[in-house]
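Hello,

Here is the structure I promised to pass on to you.

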Amino acid sequence: MSVDLVVRNGRLLTPDGLVADAGVAIDDGTIVATGRTAQLPTGDRTFDVDGDVIAPGVVDCHIHNREPGLEYKEDWESATRAAAAGGVTTVVGMPNTEPIIDRPAHLERKFETGERGAHVDFQSYAVVTSENLDQISGLDEAGAIGFKIFLGSTVGDVPAPTDGEILAAMERIRSTGKRLGFHEENGEIIDHYEAAYREAGKNDPIHHAHSRPVIAEQEAIERMITFADETGASIHMFHVSSGSGAEAVARGRERGVDVTAETTPHYLWFTEDVLREQGNVARIQPPIRDAEQRDRLWRAFDAGVIDCVATDHAPHTDEEKLVDDPFANTWDAISGFVGLETEVPVMLSFVDDGRLSLTEWAYRHSTRPAQVWGMYPQKGSLRVGTDADLTIVDPDREWTLTDRETLHSKNTVTPFEGESFVGRATATIVRGEVVYQDGTVTGEPGYGTRVDVDEIE
Ligand code: DOR
Ligand code: ZN
């Protein structure tokens, strides 16, 4: 038997650790065998990875792809070009586009534009506001992977529903079998402090961070856990930024609530000092926290409280980020920065530091996100019979992001410019096609396709 492609001479990353001299046989976009190179079938094509690690494809369930409507920042093509170059094989787009993804027609448009532009596989969340509770079942049937509510004001100004509406939304979403995620910052707290800081003339980037205190995150998490306890909804906390927030998630789980959680590379890597050093470049919502909160977030990460790593990839123009004068009045700057091409290097650098194992990395960055959002095992595994999505990495490659213009997004502002890493993706394979190899995006826009999702497990 000859298969389409054999990826050989790698170290295969399995849930039990690395298997040396191994590879993956792929036919028709699907994994047909894994194991020692010598035992694999022959392939019409072979790809010798020369000792690199072959991991299940990285699944990033939190990107702002910006299309439809905000293509001046990013679109499906550019976001997924960056994904491919970063070793990411599946992305899930956020609904704060223009229009917002609050009804089936808008979701369908988002999917259509993705089918035309994407280099890697994709999905999208739908948003719930005060205006669209009656759209929840339609959005489910139109194929949304899950739902999102913005509890506090953030980029896009999607208004938060009332607590009553959130309870009603949870009832409806529970019956779809899908999960509801939150931008979990208490809006009344952050609005109060922002007004107070502006009034007091506190206009520095660090003041933006302090105007959105940890208690706003912790309270929002605790309130949503209470609501989920009442309604039986499955919920998710996007971008948990603090130890206090993560500890609240742990308490919710002890209560028996189905609450999952995500953090991002920037909360694990930086402390709020980055706002003093790089100003509005590092401005993001929720903000990067102090060392004590970062260390407690790590403890929760180590204890397994944090299910997933995702980027919150949020491209904006240099002008919107005030790059020319990064310490200018923070209230004139926008929040967010890109991350798709630094997430694997950041996590592999933590592996190099001994902070987590390669197996733990693949679990948090591939398997677990796929499970949380109902894409497993089609995504997030190297099992025979599933999509042949592979992230191939050299975990020992030392490099520095010296020039953000080498990144593939339309806009490239990132506080990771100038940082040094150990490890990076050397190739990215999506359903058996090599979409990125050694610095070059080799795939075609439109190859990527929507992942079908039924219900979470
Ligand atoms: O900093 C942020 N940027 N936080 C968000 O909640 C949204 C995001 C964006 O869309 O730019
Ligand atoms: Zn986000």
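Let me begin with Thr-129, which sits in the loop between strand S8 (121-127) and helix H3 (136-141). Helices (H or I, at least four residues) and strands (E, at least two) are DSSP runs, numbered from the N terminus. Thr-129 is buried, at 3% relative accessible area; buried means under 20%, exposed over 50% and partly exposed in between, with a 1.4 Å probe and protein chains only. A polar atom of the Thr-129 side chain lies 3.0 Å from the backbone nitrogen of Glu-131.

A word on conventions: this is a predicted model, in which local features need pLDDT of at least 70, side-chain atom pairs count only at pLDDT 80 or more, and totals for chains, interfaces and linings use all residues. Residues are numbered from 1 along each chain as its sequence is written, chains are lettered from A and ligands numbered from 1 in the order in which they are written, and side-chain values use heavy atoms, with hydrogens and water left out.

Now the ligand. The residues around ligand 1 (a heavy atom within 4 Å of it) include His-64, Arg-66, Asn-96, His-183, Gln-285, Ser-335 and Gly-336. By class, this shell has three nonpolar, eight polar and one charged residues; Ala, Val, Leu, Ile, Met, Phe, Trp, Tyr, Cys and Pro count as nonpolar, Asp, Glu, Lys and Arg as charged, and the others, Gly among them, as polar.

Which side chain has an N or O atom 3.1 Å from an oxygen atom of ligand 1? That is His-183. A polar backbone atom of Ser-335 is 3.1 Å from a nitrogen atom of the ligand, and a backbone N or O atom of Gly-336 lies 3.4 Å from one of the ligand's oxygen atoms. On its own, ligand 1 has 290 Å² of accessible area (Shrake-Rupley method, 1.4 Å probe), and the protein covers 100% of that.

The backbone has some details to look at too. The peptide bond from Glu-98 to Pro-99 is cis, with omega near 0°, and Pro-99 is in the loop between strand S7 (88-93) and helix H2 (104-117). Another cis peptide bond runs from Tyr-376 to Pro-377, with omega near 5°; Pro-377 belongs to the loop between helix H13 (358-372) and strand S14 (390-400).

His-239 has a positive phi, near 35°, in a residue other than glycine, and is buried at 1% relative accessible area. Arg-431, in the loop between strands S15 (420-430) and S16 (433-437), has phi near 40°.

Best wishes

How values were computed. Polar contact = N/O pair within 3.5 Å; in protein donor to acceptor, adjacent residues only side chain to side chain.
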